[in-house]
Amino acid sequence: KTLEILLAGKKAPSGQTSVLAFAPHYKQEAIKLIGSDDQMMLTPLVYNMEEVSYLEKKLRAAIYSGYRASLENFIQYAPTADVLHLSGHAFSNDRYPQYSFFAFSKDSLSGGEQILPLIDIEQLGINARMVFLNGCRTGYGPIQKGEGALSLQRAFASAGVGSMVTTLWPVDDQTASRITRDFYTSLSGGHHIPTALQQSSLGLIDSRDPVYSHPYFWSSYVAYGLWDNPLSTVGLSPWFVGILIGGVLTVAAALFYKRRLNA
């Protein structure tokens, strides 16, 4: 299946999902890299499954793991998410950045398409408040004059995503899982995105682990965009805005007539 066919067959989302998480399953598959004779091996991951299981328990996230974490399901359900979490293999193509991609599971039944390239992301209608791209170099891309860095992060931002958490270099599977747990724990505790990311990094630093406390493992993660908490449901509802505007107009009218009477 091509992306065009998948988009053409996409059903309208039935409702909004607060948190949606994907953890693809890989089987040591070889992916041909466009513009190169090289291949990328999609090696099996272990801890991405733990990530989404934690999100299911902690945040009641709707999760798609294993073979269910397919490109078809992503295209179908990603537009319904307020928070979108992707944990898997990503590739940044330095020569042809438009073909940088995130890899989903190959559906065990259809054997369909599994690569989502940068050039197709804007077509998907994703407008989540936050997307966490937990893969290698998801925030990295070659800089083009007048365009900036052409990365997966930029593609999602161009599609309308308000906030992003991405990486600048390859990340360790186990560390990625721990960063995720600490980040969402802090986020659910009321912290804003930059603070939650800082807290997750401090967790590794304070662990004094001889390996994982090293900056290589935690300083790859960066936050972009709006800094507010995407898990918060607190906001200015239409009726509250109406009352606020009405109150301001009432006070302004009272002051106006008071000045008229004193004139």
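Contact here means heavy atoms within 4.5 Å. The model is predicted, so to speak of local features a pLDDT of at least 70 is needed, side-chain atom pairs count only at pLDDT 80 or more, and totals for chains, interfaces and linings use all residues. Residues are numbered from 1 along each chain as its sequence is written, and side-chain values use heavy atoms, with hydrogens and water left out.

A pair of helices comes first. Helices (H or I, at least four residues) and strands (E, at least two) are DSSP runs numbered from the N terminus. Helix α2 (residues 47-59) packs against helix α6 (residues 173-188) at an angle of about 15°, the axes lying 8 Å apart. Axes are lines fitted to C-alpha atoms, for helices over the stretch in contact, and angles run from 0 to 180 degrees between N-to-C directions. Residues of α2 including Y47, Y54 and L55 meet residues of α6, among them A176, T180 and Y184.

Now to the sheet. Strands β6, β7 and β8 form an open sheet in the order β6-β7-β8, with antiparallel pairing; two strands pair if DSSP finds at least two bridges between them. Because β6 (90-91) and β8 (115-117) stand at the edges with a single partner strand each, one side of each is left without a neighbour in the sheet. Strand β7 (residues 101-103) is joined to β8 by three bridges.

Within β7 sits F102, whose bridge partner in β8 is L116. F102 is buried (under 20% relative accessible area, where over 50% is exposed and in between is partly exposed; 1.4 Å probe, protein chains only), with a value of 3%. Although 12 residues separate F102 from A90 in sequence, their C-alpha atoms are 4.3 Å apart.
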